[in-house]
Amino acid sequence: MKRISLALISIFISQILPLLGKPELILANKNVVIMIANAAIWLTQPPISGAETKQNKSRDKFSVLLILFFSIGSIIVAVINWAYFHIIESSFFTLTGLLLIVLGIAFRVWAIQMLGKFFTATIQIKDDHKLIVAGPYSIVRHPSYLGAWATIAGTTIFFNSYIAFAFAFIGMGVSYYIRIKLEEKALVEVFGQQYLDYQKKVKRVIPFIW
């Protein structure tokens, strides 16, 4: 139920509120597609709670809130750009964006399933924590971030919004850089040389690059 509530809140903030000036676009095909993608992200991950965020602030440094801000903000910017600024739409960019959204969600879900109970919204190390290096974790060290980044970037491309794409690419890139530094510090403390060796073999988020 909490996941459903969070999905509905996210859709309302990012896709309904910005369109109150043009309510006829709320149920436009493009917006509905992104509503489905928006819901899919929230429904396939553990829910975020305020209590968890406060409890883990020493490790997480509220980085989860920064990621949320740029994720939801990117959608808002894309929706506003699409609805009010009469951009010239390209079917190539629309289809490319849709492909990125589908692949991003699928890759993120795969990563979450592989990590199982060790996947959390904030940075946490459990008593029986295990280092997972198989599946998507053999491609990049943080596949759920890559999946989310691809999904949000894909959304901006789907809406043909170059401004939103820049906002998402830079804003989420900075957010994930901060989050990964904090997260990997905790993982090195727990797994030591095992994680250091893993870092040498596998890139952070973008295969072969970073």
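Leaving aside neighbours within four places in sequence, Thr-94 is in contact with Lys-30, Glu-89, Ile-157, Phe-158 and Asn-160 in this predicted model. Thr-94 belongs to helix H6. Its relative accessible area is 15%, and Thr-94 is therefore buried, since the cut-off for a buried residue is under 20%. Asn-160, one of the contacts of Thr-94, follows just after helix H7 and takes a positive phi of about 60°.

**Helix H7**

Of the 16 residues of H7, 15 are buried, and the helix is mostly covered. At 1.5 Å a residue, H7 should span 22 Å, and this agrees with the 22 Å that separates its end C-alpha atoms.

In soluble globular proteins, nonpolar side chains tend to be buried together. The largest nonpolar core here contains 37 residues, and Leu-19, Trp-82 and Tyr-176 have the most contacts inside it. Helices H1, H2, H5, H6, H7 and H8 each give two or more residues to this core. H5 provides the largest share, 8 residues. Beyond four places in sequence, Trp-82 touches Leu-19, Leu-25, Ala-28, Lys-30, Asn-31, Ile-87, Glu-89 and Phe-159. A second, separate core has 12 residues, including Ile-112, Leu-115, Phe-119 and Tyr-198.

Gly-173 is found in helix H8. With a relative accessible area of 15%, Gly-173 is buried. Apart from neighbours within four places in sequence, Gly-173 is in contact with Trp-149 and Ala-168. Gly-173 and Tyr-84 are 89 residues apart along the chain, and their C-alpha atoms are separated by 27 Å.

Two packed helices are described by the angle between their axes and the distance between the axes. For H8 and H9, the angle is about 130° and the axes are 6 Å apart. The two helices are therefore oblique to each other. The residues that meet at this contact are set out below.

| Helix | Residue range | Residues in the contact |
|---|---|---|
| H8 | residues 162-191 | Glu-184, Leu-187, Val-188 and Phe-191 |
| H9 | residues 193-201 | Gln-193, Gln-194, Tyr-195, Leu-196 and Gln-199 |

By class, the contact of H8 with H9 comprises 5 nonpolar, 3 polar and 1 charged residues.

Notes
Residues are numbered from 1 along each chain as its sequence is written. This is a predicted model: local features need pLDDT of at least 70, side-chain atom pairs count only at pLDDT 80 or more; totals for chains, interfaces and linings use all residues. Side-chain values use heavy atoms; hydrogens and water are left out. Axes are lines fitted to C-alpha atoms, for helices over the stretch in contact, and angles run from 0 to 180 degrees between N-to-C directions. Helices (H or I, at least four residues) and strands (E, at least two) are DSSP runs, numbered from the N terminus. Angles under 35 degrees count as roughly parallel, over 145 as roughly antiparallel, 65 to 115 as roughly perpendicular and the rest as oblique. Contact means heavy atoms within 4.5 Å. Ala, Val, Leu, Ile, Met, Phe, Trp, Tyr, Cys and Pro count as nonpolar, Asp, Glu, Lys and Arg as charged, and the others, Gly among them, as polar. A nonpolar core is a set of buried Ala, Val, Leu, Ile, Met, Phe, Trp, Tyr and Cys residues joined through side-chain atoms within 4.5 Å. Buried means under 20% relative accessible area, exposed over 50%, partly exposed in between (1.4 Å probe, protein chains only). The expected span of a helix is 1.5 Å times one less than its number of residues.
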